[in-house]
Amino acid sequence: MRLDKYLGEAGVATRSEATKRIRKAEVTVDGVIVRDPAKHIDPETAVVTLAGEPVVWRKFTYVMLNKPEGYVSATEDRGPTVMNLLPPQFVRMGLFPCGRLDIDTVGFLLVTNDGVLGHELLSPRHHVDKTYRFTCSPPIGEEAIGKLTAGVDIGDIVTKPAEVTAEGTLPAVSGTITIREGKFHQIKRMFHAVGSEITSLERISFGDLPLDPSLVRGEWRYLTPEEENILRRAAGRDVPPTEK
Ligand code: URA
């Protein structure tokens, strides 16, 4: 990979800034100053510094964001997007939200530049579980829960079986619902179909990975290598527990 591209992908400079800084002799590769932005390096093994600081390059970046209300799950929009909650270099590095949470839905949003894994996680073929904590009004009773669990007609589709747990005694105003599809406004439309309305929705897990409770709304962190593997497994890949 070209050195200027490497610095751009690592998120430490734009491609043109990288070119300038390489020419100013601010970049070393394996301990040697390199002045040629087109120099090819092996991104997996090269040890690179910029102005004396080590540069960390990863093939792909995976981020868990605790999405707050008021942000659109997109890379660009007229209003604020979830990318506004992340460092600006993430846009340059090609990160995008994997799937959509409604503007008023909060909780776990995966943001990554691994397009293939992102696609696999969203594909209906892989049935990736997404669990949400809901509140609703009016409360739902046994009959509504039975319908939500079995699958309901929401206009364009009949939803696949879901898991629903209610909190407290029935009829309940809150609980959790796990779905494996991801149609537009799916849970809101499911509740509407059984005579209730969602009043709040928080995604608490995605593909067997729970939302980190230490992340407050609007905060994010990188996934650990094992968490990345949990998602790869959720997407149907055969990944042994120790692989990085
Ligand atoms: N279902 C919805 O209705 N909204 C979301 O944001 C996610 C699932």
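Helices here are DSSP runs of H or I with at least four residues, and they are numbered from the N terminus. Keep in mind as you click around that this is a predicted model.

**Stop one: the ligand**

Start by selecting helix α6, residues 186-193. With three residues, helix α6 gives the most to the shell around the ligand.

Now bring up the rest of that shell. Which residues surround the ligand? Select Leu-101, Asp-102, Thr-105, Tyr-132, His-185, Gln-186, Ile-187, Lys-188 and Leu-201. The space the ligand takes up is the largest pocket.

Next, zoom in on three of these neighbours, one by one:

- Asp-102: an N or O atom in its side chain is 2.7 Å from a nitrogen atom of the ligand.
- Ile-187: here a polar backbone atom is 3.1 Å from a nitrogen atom of the ligand.
- Gln-186: look at the backbone again, where an N or O atom lies 3.4 Å from an oxygen atom of the ligand.

How much of the ligand's accessible area does the protein cover? On its own the ligand has 240 Å² of accessible area, and the protein covers 96% of that.

A search of the whole structure turns up 18 salt bridges, and we'll visit a few.

Select Glu-202 and Arg-217 and show their side chains: they meet in a salt bridge, 3.1 Å from N to O. Glu-202 belongs to strand β11 (residues 197-206), while Arg-217 sits in the loop between β12 (209-210) and β13 (220-222), so this pair ties together parts that are 15 residues apart in sequence.

Is Glu-202 buried or exposed? Glu-202 counts as buried, because its relative accessibility is 19% and the cut-off for buried is under 20%. Arg-217, at 40%, counts as partly exposed.

**Stop three: Arg-221 and its partners**

Move on to Arg-221 and show its side chain together with that of Asp-212. The two meet in a salt bridge at 2.7 Å, N to O. Asp-212 is buried, with a relative accessible area of 15%.

**Last stop: a network**

Finally, select Arg-2, Asp-4 and Arg-15. Salt bridges that share partners join these three residues into one network.

Definitions and conventions: Residues numbered from 1 in each chain as written. Predicted model: local features only at pLDDT ≥ 70, side-chain atom pairs only at ≥ 80, totals over all residues. Heavy atoms only, no water. Salt bridge = Lys/Arg side-chain N within 4 Å of Asp/Glu carboxyl O. Helix = DSSP H or I, 4+ residues; strand = E, 2+ residues; numbered from the N terminus. Buried < 20%, exposed > 50% of the residue type's maximum accessible area, 1.4 Å probe, protein only. Near = heavy atom within 4 Å. Polar contact = N/O pair within 3.5 Å; in protein donor to acceptor, adjacent residues only side chain to side chain. Areas by Shrake-Rupley, 256 points an atom, 1.4 Å probe, with all protein chains shown as cover. 1 Å grid on protein atoms, 1.4 Å probe; cavity = no way out; pocket = protein on both sides within 12 Å on 5 of 7 lines; lining within 4 Å. Sits in = over half its atoms within 2 Å of the grid points.
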